[in-house]
Every structure is written in C-alpha cells, then in structure tokens.
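Please keep the coordinates open beside them.

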Amino acid sequence: MDPYHGFSVSEIQRYSRHFSLAEVGAEGQAKLREARVLLVGAGGLGSPAALYLAAAGVGTLGIVDPDRVELSNLQRQVIHATSDVGRAKVASAGDRMRALNPEIRVEPHRTRLDSTNALEILEGYDLVVDGSDNFATRYLVNDACVLSGRPWVYGAVLRWEGQLALFAAPDGPCYRCLFAEPPPPGLVPGCAEAGVVGVLPGVIGAMQALEAIKWILGAGTSMAGRLLSFDALRFSSREIRIRRRPDCPICGESPSIEVLMDYDHFCATGEHRNFDVRMTENRGSEPDSASDGGRVAPEITPAEARRKLGQTTPPLLLDVREEWEWKVSNLASEGAIHVPFDRLREALADLPSDRDLVVYCRTGGRSAEAAQFLQDLGFNRVSNLAGGLARWVRELDDDIPVA
C-alpha cells in the first residue's frame, strides 16, 4: 500500500504541514482530495472560505453566485481584485482559487440558488458552506441539505458581530430548530444598511473553512448543536447550545416541509435580511414580530414603477438611504427626492399625501419600514420598491453604480 496515497513530490511539499499533523497526515490529505464542497456565495464569507479550502487541497470546490464584482465588494471580498470589477464573481473567484492551487477542480455555477435547482446542484457535493447574505437563501440551503442528507456550515456577519454553526449533521439540529420560520420583512438590517467591518467576514469565513476541513477529516469536536457568537469589538465569544427540536417543521418527528420552496415573499426581495445574532438573545426559537400588527405597505416592481413614471401624474420616488449612498448613485433623473430614513419624520410636511409615493433604498429593507411608517400615518398611496435600487439597476439600468 502506498503510504503517500498517490501524492506527487510537489503535492507532498505543498501539503507538508498537513502531512506533519497526526490528525491529517497522508490519509487525511487524501480525504480532503476526494471531498466535494459547495460554496454558496463568493462574497465576504465565501472569499476566505474558498481560498482556505483551495489551499488545503479540497479536491472539488463548487461556487454558486449569480452576481458580478462591484467596487463596494472589495472592502471585504478579498478573493476579488479591482481589475475584476464587472466580472462574474464565480469566474473571478475560480481564477484566484486555481492560481492558488492548480491541483484542485473548481466548478462554477453562475446562477441564483432557488427551489428549482438547489437539489440538483447539491447532488454533486458532500458538504455545503453557506456564505449567503439573506434569509431566503439560508432557509433554502437548510431545507435542501436536510432533504438531501447533507450537513452545512453556517456563517453570518453584521457590523462587528459574527456567528458560526454546523447544521443538518446526522442526529444534529438544523437551522429551523433554532429559527423555525423566516423573520418578517424589516426586522433585521443587512450589511448594506448597517455596515460590517471588512475583516470580520474574513474571521468567520476562515472559521467556516476550518469547520468544513474538520468535518471532512472527522477531527476534533464539530459545531453541530452549538452556535458560536463572536463580538469583534470586545474580542469576546460565547456559545449557545442548540437541541434538535421534535416539532421542527423539516427535521422533526412529523415534518410538515417535504419539498423546497422559495422564501423571497417572506423575507422581502434582495440582499438585506442577513443576520440573526440578536434573535438568539433570551428566547427559544422563532423571531419576534417586526411590527405591532400595523398594515404592510404593498410592493411595486422596478418595471411597474418605470411604467408609472411615464403617466401624466407620475409617482414620486423617495430615496431613504444615507447621504453617502445618494452621492454614489440615485434616481434623481427619474424625479427622485432624498430623505434619509432617520430624518423621515421631520420631512412629513413636505411629502404629498395625494400622490403615489414609491419608497426605495438599496435592497428594500429600510424602504419597507419607511413605507409602512408612512402608511400608518395616513399616506395611503405609498408602496415599496421591491428589491430596491439594486434590482432597478439589475433589471433596468446597469450603468448605475450601487454602493
């Protein structure tokens, strides 16, 4: 029997530090070479995870991401370079991974993961590392992994805080054991609205890669049944125990979820529902309600809003983003006005109550709250731009930069 499992001299040199570890060695490195890992997202979390898994010699790495590299990505998405702006993220990331380690195979999936393709894409992989930044994808990943019998490594970041866990391991809890249903729109801000310190996704993404490597090797104690919460400002962490729930809607004793579905209509549209830290404070499983029972403002698509802008009495576009976001890009050419979300109350007298109002932000989170706030105050002709400026740019005008 070959004690080096067919590794070439150059490979032994490349992985020499692994060969020196009792928990890895040639046998463990062979396990890494045979492993197939799917990365969902080539962004802030996916960047370090992809680089470290490639460097570690994980034989096949798939990447799912529909987006192109934007300048605003580069503060944290370190797998991409300035010269990659405008390129597909899966192409940029794939080039970087192959340059780092030509011994691995990279499989790009330039598509949005949804209920129609998730099980088919997951079929070719042993483990999923989720770097998505929205609840809709996160619930889809969880459900697809549970239904197909695959574990997945969870990571999330916001502002200065991050989380890590392993879900859907054999006999372990899934994401729904912690959060049975998606939170209502507007409850949790995202990185675009609340910000994130650029190095934090590097910390959590590297932890995700480490957890994936441990799982492949069968080394150490996994994060199954545990949620790590990391506070970068205080440089402190705490651990929350998670138990598998008998009444879990997908992995419990009598599951009610048997097929995949898309959750965009639960979580609103876009990239803004992407963090769970404060939902784990002093409570059991399901998120608290985002409102006190008030009405929810309707949504309007960019295409429908553009059509209405051509009418005799067009709607007024109301941008509720921050000042710096407005300076980077806006819809002033379409007649938009700018009132930051936190100054909305003092500007009420300047807003028409007898004209259609279309409120927008980057991806629809802040504007959903703003639209509902206005509706509750008697603005009955208000709607939220579904997907925000990001969707407008994606569908109608890709020359507009989105910060």
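Is Ser47 buried or exposed?

1. Ser47 is buried, its relative accessible area being 0%, where buried means under 20% relative accessible area, exposed over 50% and partly exposed in between, with a 1.4 Å probe and protein chains only. The residue sits in helix α4, residues 46-56, helices being DSSP runs of H or I with at least four residues, numbered from the N terminus. Once neighbours within four places in sequence are set aside, Ser47 is in contact (heavy atoms within 4.5 Å) with Ala42, Gln77, Val78, Ile79 and His80.

2. On the basis of these values: this is a predicted model, in which local features need pLDDT of at least 70 and side-chain atom pairs count only at pLDDT 80 or more, while totals for chains, interfaces and linings use all residues. Residues are numbered from 1 along each chain as its sequence is written, and side-chain values use heavy atoms, with hydrogens and water left out.

3. Helix α10, residues 200-217, has 18 residues and spans 26 Å from its first C-alpha to its last, close to the expected 26 Å, which is 1.5 Å times one less than the number of residues. Its buried residues include Ile204, Gln208, Glu211 and Ile216, and Gly218, which follows α10, has a positive phi near 70 degrees.

4. The structure holds zero disulfides, a disulfide being a pair of cysteine sulfur atoms within 2.5 Å. The sulfur of Cys174, a buried residue at 1% relative accessibility, is 3.6 Å from the closest cysteine sulfur, that of Cys248, too far for a bond. Cys251 is likewise in no disulfide, the nearest cysteine sulfur, in Cys177, being 3.4 Å away; Cys251 is buried, with a relative accessible area of 9%.

Conventions
Helix = DSSP H or I, 4+ residues; strand = E, 2+ residues; numbered from the N terminus.
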